Amino acid sequence: MNPDLAAALSGLVADPDRVLTNPQVVERLSRDFYWYSPILRKQLDGKSADLVVQVMSVDEVRDCLRYCFANGVPVTARGSGTGNYGQAVPLHGGVVLDLSRFDAIEAIGSDGVAICQPGVRLAALETAAGNLGWELRCYPSTVVKASLGGFLAGGSGGIGSVTHGGLRDFGTVQAIELITMEDEPRLVKHEGDAVHEILHAWGTNGIITRIWFRLAPKVRWAQCAVAFDSFDTAYTFSERIAVSNEWMKRLVTTFEWPIPGFFSPIRSLVREGKALIFFMVALDQLDQLQDAAKLAGGEITHAGAFEGFRATPLLSDFTWNHTTLWAIRTDGAYTYLQCGFDPVGARTQFARLKERFGDEILFHIEFMKRGDGVVIPGAIPVVRFTTETKLNEMVDFCRQIGVSVANPHVNNVEGGGRYREDNVQLLAKQRYDSRGLLNPGKMATFSPAFASTKNL
Ligand code: FAD
């Protein structure tokens, strides 16, 4: 710990107790879920900030950045630390700027746009929106803990994406205000297409301080689990529901056996040896869905109204990247990939992957709408890790057969997918953080204008 840094920053926040220097606390707040990847685990274990500052206002963010710029101190933003690529792990020490207490919902307008501070938990926003007849268009399966700022800077989509697309689609993020890392930090606003300069930049090109987030009209949802004898029949049925506009849905997730066997808290929903689908559909379509599933040969293992995030079972707790968590809990040798299959050729792609890798890859499909309106079989397959070479072979093979991969075993913005080919995130970094002090090391194509910083 650097006592001068702690003393200086204590004078910049209203309560000096919000500068955290206890080594265990600093270490904990310097970590995220990078350990999902055996490769990142090796790279990032032991990395830690010097201290953590909990900021609660624009002025506090600005004052901290001004000081850190002047003194060449790296700053890594943190929402709730649920990212799973080491996005919020400081590679070069310095300050972790904890935004989790900068978390007010400032307004939810009659136009369905929420104006929020960055640390607001997504579940809190969903609840507040629900009271006014709105809901989140999409949210990660970490909704209860994850912050809105962290979702924008590090996430991609989730529950809801089958209808509303990912975070970057359909204008879901209307505008972002952020503070730059300069001698005199500026508050700048990005609206419309300009939000893409900041989205998924891992906090490397500004600290997000306010978000205008478009919501969707609230729907009364139901959850439904259906078991099928084979992955093929399950996939066929889930695809039919996912792509059809007749169904109002929030979640369509399909698991190949043995993945459902990993879901220990909900064993009663699982049938030995069978594939499983989890749906969230409009409550008034639940009966119709059950009839259709039975006709297609499925067995309904759960059906009921969705009672919110405290519901038991909460099916979304087993979907998106939570599936990987249950797999790792069952067997530490499992890890994962993030893939996009071809909506027409997916079955051939599945077959080719099975032929080549057998049970080293287990299919977990998350249907999601692309920005062009086509619903595609996105996927977070569970992968048995043996060696880095073998994992990279699988990534290469996927790409050869037309399966896109956002590689979750890479600790930089460019390598992990979602980096824009027009380099707008990099161009914004050059404008807003020319010294490269924001989350340094995470934007691989960036080189600082001058690197006379203390810790770099
Ligand atoms: P953090 O992890 O704290 O931060 C993420 C990134 O954003 C970091 O680079 C950080 O520096 C930056 N950041 C945070 N706040 C700011 C700010 N105010 N300004 C600038 N930069 C900032 N992701 C999905 O998209 N969909 C999923 O379904 C999903 N499921 C998951 C399931 C599990 C079990 C786990 C472990 C992760 C999952 N994730 C998923 C990843 C992650 O949970 C989400 O992206 C989440 O929204 C991140 O929010 P956070 O507040 O935890 O961000």
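**Note on the predicted model**

1. The protein chain has 13 helices and 21 strands; helices (H or I, at least four residues) and strands (E, at least two) are DSSP runs, numbered from the N terminus. Its radius of gyration, taken over C-alpha atoms, is 22 Å, close to the 23 Å that the globule rule gives for 456 residues, so the chain is as compact as a globular protein of that length. The globule rule is 2.2 Å times the number of residues to the power 0.38.

2. This is a predicted model, in which local features need pLDDT of at least 70 and side-chain atom pairs count only at pLDDT 80 or more, while totals for chains, interfaces and linings use all residues. Residues are numbered from 1 along each chain as its sequence is written, and side-chain values use heavy atoms, with hydrogens and water left out.

3. Of the 456 residues of the protein chain, 60% count as buried, meaning under 20% relative accessible area (1.4 Å probe, protein chains only). Among contacts (heavy atoms within 4.5 Å) with a separation of 6 or more, 71% join residues 24 or more positions apart.

4. A disulfide is a pair of cysteine sulfur atoms within 2.5 Å, and the count here is zero. The sulfur of Cys64 lies 6.4 Å from the closest cysteine sulfur, in Cys68, which is too far for a bond. Cys64 is buried, at 2% relative accessible area.

5. Cys398 is in no disulfide either, since the nearest cysteine sulfur, that of Cys339, is 4.4 Å away. Cys398 is also buried, with 0% relative accessibility.

Key. Buried means under 20% relative accessible area, exposed over 50%, partly exposed in between (1.4 Å probe, protein chains only).
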